[in-house]
Amino acid sequence: MITPSALTVTQVNTYIKSLIDDDINLKAVIISGEISNFKNHYRTGHFYLTLKDEKSSIKAVMFSSANRRLRFEPQDGMQVIAVGRISVYDRDGVYQLYIEDMMPDGFGNLNLAYERLKQKLFEEGLFDESHKKKIPSCPMRVGVITSPTGAAIEDILNVLSRRFPLAEVVFRGVEVQGVNAAPSIVDAINLFSETEAADVLIVGRGGGSIEDLWAFNEEQVARAIYNCRIPVISAVGHETDFTISDFVADLRAPTPSAAAELAVPDFREHLSYILSARAFFENAVQLKIDNERQKIKNLVSSKSFIEPSDMIKSHRQYLDSLTFACESAVKLSLEKQRHDFASLVSKLDAMSPLKVLSRGYAMVTSEKNIVTSAEKLKKGDAVMLNFADGNVKCEVTE
Amino acid sequence: MKNMTYEQALEKLKNTVEKLEEGSLPLDKSMEFFEEGTRLASFCEKCLNEAEQKITDLKVDKKDD
């Protein structure tokens with residue numbers, strides 16, 4: 001048996017790879033298929049996936065350098081169109097699709113980009129109600145950013161002049177579609193914001209396809225609106241068009257004309273308020289005068305005003321009652337004092353020694369001192385007996 | 001009142017109405033507010049009736065510095 005020199009695995013794979021790489025048809029392929037086994041390598045950021053249809057599947061890889069440009073998040077089950085080349089991964093001996101670009105099939109790529117940006121800005125808080133500025137009730141300067149040639153500016157000017165000609169319109173023409181649209185709109189918004197050239201700002205354009213309106217879905221425009229110091233009313237396309245700008249703006253108007261309606265009050269309403277205010281003033285003052293007149297009337301018809309003598313009488317009566325009270329108080333006090341004196345006198349009388357003597361007692365004194373004990377006297381002492389009606393001299397005999 | 005904008009006059013007019021609505025003002029004060037309010041109302045009305053829309057282009061004002 002002849003044994004031709006055996007090939008190494010590497011040689012085989014390298015050979016096959018060279019065959020495939022040389023095939024002009026496989027250098028640039030566009031493949032439609034459904035994503036499965038999607039993996040986003042956590043470290044390298046490369047995407048690994050399988051594209052399949054009903055009967056067959058092919059391995060695919062999209063390196064991070066390419067997938068960074070994607071405007072959507074690939075997911076299992078998603079129908080996509082992938083652009084790339086077929087080559088062999090010689091380490092594993094498998095051929096695979098090296099994807100350069102990929103877009104969702106059947107679902108507008110722009111739509112996905114839109115959803116993606118919307119989600120991102122929402123999470124960042126650019127749509128928060130708390131950040132939205134109040135639209136002034138009576139702006140004297142209305143800023144307008146739109147195309148100088150479109151129908152939008154005409155509509156806006158028509159409505160503004162009909163509703164509130166008092167307000168000055170400060171206009172800045174911009175490109176509203178094409179590659180320069182977004183930067184042009186951003187510049188205009190920033191200019192208004194920096195110079196505070198208006199009290200409220202309308203930013204928008206008339207209707208068009210989703211591509212035409214695209215500038216208003218761009219991140220830089222959204223951020224300029226968010227950062228604008230002047231309240232912004234967005235007015236893009238028709239009622240049914242919702243752009244990212246609409247979500248960021250302080251107020252969304254369905255159309256440019258509607259934006260103008262929302263921006264300013266109707267001068268006729270103001271006029272009727274002013275007329276009613278004037279009528280109110282007249283009524284209010286008339287009412288006030290009537291009130292004051294009534295007050296005076298009430299005063300004039302009061303009792304004391306009609307019969308002042310009544311008032312004097314009542315004062316006199318009061319005075320009388322005071323006098324009477326005063327007199328009786330003095331009388332009472334005198335009587336009490338008189339009574340107290342009489343009782344003192346009778347007490348004094350009861351205590352008097354003369355009273356005792358009158359009942360037959362006599363008081364013995366010796367040299368004017370009262371003798372209260374027999375032992376203080378001896379035979380021959382001279383004493384005085386004091387009776388109620390007089391004194392006698394005596395001598396002690398034993 | 002000559003230098004007042006419509007916006008300022010309207011604001012003042014509203015305040016005047018509020019003050020008069022309170023009703024507790026002395027008569028002479030009421031008269032003052034009445035006169036003031038009537039003047040403001042006339043001024044505002046004149047502004048509205050004579051207004052003509054003014055449109056200016058916002059120019060990029062490249063500063064000299």
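**View 1. The interface of chain B and chain A.** In this predicted model, chain B and chain A bury about 3100 Å² between them, and 70% of that area lies on carbon and sulfur atoms. On the side of chain B, the residues that lose the most area to chain A are B:Leu48, B:Gln53 and B:Leu58, which together make up 24% of what that side buries. If you look at who takes part, you will find 36 residues from chain B and 33 residues from chain A in the contact.

**View 2. Polar pairs and a salt bridge between the chains.** Here we zoom in on A:Arg278 and B:Glu45, whose side chains form a salt bridge at 3.4 Å, N to O. The count of salt bridges between chain B and chain A is 1. Polar contacts across this interface link 11 residue pairs, with both residues at pLDDT 80 or more.

**View 3. The side of chain B that touches chain A.** Three elements of chain B each give two or more residues to this side: H1, helix H2 (27-50) and strand S1 (54-57). H2(B) supplies the largest share, 13 residues. By type, the residues of this side are 18 nonpolar, 10 polar and 8 charged.

**View 4. Helix H10 of chain A against helix H1 of chain B.** The axes of H10(A), residues 267-300, and H1(B), residues 6-22, come within 11 Å and cross at roughly 35 degrees. The crossing is left-handed. Among the residues that meet here are A:Tyr273, A:Ile274, A:Phe280 and A:Phe281 from H10(A), and B:Leu10, B:Leu13, B:Val17 and B:Leu20 from H1(B). The residues of this helix contact comprise 11 nonpolar, 2 polar and 2 charged.

Definitions and conventions:
Residues are numbered from 1 along each chain as its sequence is written. Chains are lettered from A and ligands numbered from 1 in the order in which they are written. Side-chain values use heavy atoms; hydrogens and water are left out. Axes are lines fitted to C-alpha atoms, for helices over the stretch in contact, and angles run from 0 to 180 degrees between N-to-C directions. Helices (H or I, at least four residues) and strands (E, at least two) are DSSP runs, numbered from the N terminus. A crossing is left-handed if the near helix is turned anticlockwise from the far one by less than a right angle, and right-handed if clockwise. Contact means heavy atoms within 4.5 Å. Ala, Val, Leu, Ile, Met, Phe, Trp, Tyr, Cys and Pro count as nonpolar, Asp, Glu, Lys and Arg as charged, and the others, Gly among them, as polar. Buried area is the accessible area (1.4 Å probe) that two parts lose on being put together, summed over both. A salt bridge is a side-chain nitrogen of Lys or Arg within 4 Å of a carboxyl oxygen of Asp or Glu. A polar contact is a pair of N or O atoms within 3.5 Å; within protein, one must be able to donate a hydrogen and the other to accept it, and residues adjacent in sequence count only if both atoms are side-chain atoms.
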